[in-house]
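Please look through the sequence and the model below before reading on.

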Amino acid sequence: MALISQTGSSYCIRNEVFQNKTGQNVVFSRASNIEASKLKDNCIGFSSLSCNSARKTQILHTDNAGVGQKRRHSVVVAAGPPTEDAVIATEPLTKEDLVAYLASGCKPKEAWRIGTEHEKFGFELKTLRPVKYEQISELLNGIAERFDWEKVMEGDYIIGLKQGKQSISLEPGGQFELSGAPLETLHQTCAEVNSHLYQVKAVTEEMGIGFLGIGFQPKWGLKDIPIMPKGRYEIMKNYMPKVGTLGLDMMFRTCTVQVNLDFSSEADMIRKFRAGLALQPIATALFANSPFTEGKPNGFLSMRSQIWTDTDNNRTGMLPFVFDDSFGFEQYVDYALDVPMYFVYRNKKYIDCTGMTFRDFLAGKLRCIPGELPTLNDWENHLTTIFPEVRLKRYLEMRGADGGPWRRLCALPAFWVGILYDEVSLQNVLDITADWTPEERQMLRNKVPITGLKTPFRDGLLKHVAQDVVKLAKDGLERRGFKESGFLNEVAEVVRTGVTPAERLLELYNGKWEQQIDPVFEELLY
């Protein structure tokens, strides 16, 4: 068992391995990032880093017959959410443990990876109606049987698939999501997307089903969307109307593409978090692809992005505190502790804990499970219910882009990797955005969903900043040396002309399509 003695509040742990009660070594699994640390026979060590701080994490080692009464925790951490309640805590978690959990994501640059996730809408080719759960179940079973995926069940329902470090899951309205494995290059990422789409097509062609790459359901209303049989979604569905007017639209009618990226230290995390937040409206504009609602233009270029502005302001937004001098892992934990919870997962069931906070949970004061204390799995699950434009787990998630056709699924990670994984480009972005005020960042967040790259900014248009940023991304990719810059071709034309994908769809709608929405299902069919 590894014991952590903390002499300061700023720290990083590179590898995280704990020992369970039987003496087996168990690693934290991680949905979208790096290989776990190697198991050792008797004693387990952490490779520690000091992050932006001279203060260090001291590690004590004990073997299997070690001094049990001195142990802080003995834990088993199951795979990514919804995680089983498999963590056994011999003593209560502290805030320091929650900070250490985030800090354990730090890893050296050679271990950085790229994890891409994308969602898409399934529909019946004949009727264009959304696919029902029964059809999705048939699809999941078909992929599992033909391509050797492991089924993920909730009760009697198949709700996903796993294969190695990839997973397929269902969003609330049946949006079909691939969470990719942590990969080294964008070539691998794009190959993974292509392989997934091939597998999906191989099964769906026989079923008369297609998939649509767009950010918001263009034709059907909320009442037309099926609800997936997942317990957490039932809790969210009941809670959303209490905290915003568009939460159900977010759940049932949006699709995104995002990339998950690593950091080496607390200081590196802060730099990437700030660059990601400042540039997120530019990514939203470049990938804006949701201009239709229920068959008509909705007045937005990214309706998906707009929806997040009135979903639940306690858990969304541009997180201005990330730009405070005091920001670090601990400050993000403080924020997350006060974000209202959705649920706790116990005995394979979701328990409604809406409106209560993880801070209450740490103190044993959750009304939904009185007296019970949280595990690290509970914390991991809670972090997945926070939805800012950039989200911190043990890696950073860039969350600002609409779903789109497959070339854009490769372009989005290319954009962020070129900026955040290249020190020169990252520093240039931080220099460009250093004097942007919180009000300017929020203004861009508010206006980009409507006006895209034509949003006025300072003495010009956002398009002009985006041109500089895409050039930095291209330069960063070229310096990586993997011949990846071609993946940015999809956004090069967008940034050159200032015309977003959504505006191209609107041109088609008002021209060739003669103001009919149905052709979009052919235009954006995978």
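## A ring in the interior

Trp513 counts as buried, since its relative accessibility is 7%, and a residue is called buried when that value is under 20%. The model in which this is seen is a predicted one. The partner of Trp513 is Phe292, and the two form a tilted aromatic pair with 6.4 Å from centre to centre and 45° between the planes. Phe292 is buried as well, with a relative accessible area of 0%. Because Phe292 belongs to strand β14 (residues 292–293) while Trp513 sits in the loop between α16 (501–510) and α17 (519–523), the pair ties together parts that are 221 residues apart in sequence.

## Other aromatic pairs

The structure holds 22 aromatic pairs. A pair of aromatic rings is described by the distance of the centres and the angle of the planes, and the table sets out these values for two of the pairs.

| Pair | Centre to centre | Angle between planes | Kind |
|---|---|---|---|
| Phe292 and Trp513 | 6.4 Å | 45° | tilted |
| Phe358 and Phe361 | 5.3 Å | 65° | edge-to-face |

Why is the pair of Phe358 and Phe361 edge-to-face? The planes of Phe358 and Phe361 stand at 65°, and an angle over 60 degrees counts as edge-to-face. These two residues are three residues apart in helix α9 (residues 358–362), so they are separated by about one helical turn. An α-helix has 3.6 residues a turn, so residues three or four places apart point the same way. Phe358 is buried, with a relative accessible area of 0%, and Phe361 counts as buried, at 0% relative accessibility.

Thr357 is placed in the loop between β18 (349–352) and α9, and with a relative accessibility of 14% it too counts as buried. When its neighbours within four places in sequence are left aside, Thr357 is in contact with Leu337, Asp338, Val339, Met341 and Leu366.

Ring pairs also link Phe273, Phe321, Phe327, Tyr332 and Tyr335 into a cluster. In other places a charged side chain meets a ring: Lys272 lies over the face of Trp112, at 3.4 Å from the ring centre, and the charged end of Arg315 sits over the ring of Tyr342, 4.0 Å from its centre.

In soluble globular proteins, nonpolar side chains tend to be buried together. Here the largest nonpolar core has 111 residues, and the members that touch the most others are Phe176, Phe273, Leu286, Tyr332, Phe415 and Trp416. Helix α6 (residues 266–286) gives this core its largest share, 11 residues. Apart from this core lies another, of 39 residues, which includes Tyr239, Phe252, Ile307 and Phe387.

Which residues does Trp416 touch, not counting residues up to four places away in sequence? Trp416 touches Val259, Leu261, Ala275, Gly276, Leu279, Gln280, Ala283, Met398 and Tyr421.

## Helix α13

Glu440, Arg441, Leu444, Arg445, Val448 and Pro449 are the buried residues of α13, and what covers them includes α6, α7 (303–308), β22 (456–457) and α14 (462–480). After α13 comes Gly452, which has a positive phi, near 60°.

## Two loop residues with positive phi

Asp148 is not a glycine, yet its phi is positive, at about 65°. Asp148 is found in the loop between α2 (133–147) and β8 (150–154), where it counts as exposed at 65% relative accessibility. Leu319, likewise not a glycine, has a positive phi of about 45°. Its place is in the loop between β16 (316–317) and α8 (329–338). Is Leu319 buried or exposed? At 5% relative accessibility, Leu319 counts as buried.

## The chain as a whole

The secondary structure of the protein chain comes to 17 helices and 23 strands, and buried residues make up 61% of its 526 residues. Among the contacts in the chain with a separation of 6 or more, 73% are between residues 24 or more positions apart.

How values were computed: Residues are numbered from 1 along each chain as its sequence is written. This is a predicted model: local features need pLDDT of at least 70, side-chain atom pairs count only at pLDDT 80 or more; totals for chains, interfaces and linings use all residues. Side-chain values use heavy atoms; hydrogens and water are left out. A nonpolar core is a set of buried Ala, Val, Leu, Ile, Met, Phe, Trp, Tyr and Cys residues joined through side-chain atoms within 4.5 Å. Buried means under 20% relative accessible area, exposed over 50%, partly exposed in between (1.4 Å probe, protein chains only). Helices (H or I, at least four residues) and strands (E, at least two) are DSSP runs, numbered from the N terminus. Contact means heavy atoms within 4.5 Å. Rings of Phe, Tyr and Trp (its six-membered ring) pair if their centres lie within 6.5 Å; planes under 30 degrees apart count as stacked, over 60 as edge-to-face and the rest as tilted. A charge sits over a ring if NZ of Lys or CZ of Arg is within 6 Å of the ring centre and within 35 degrees of the ring normal.
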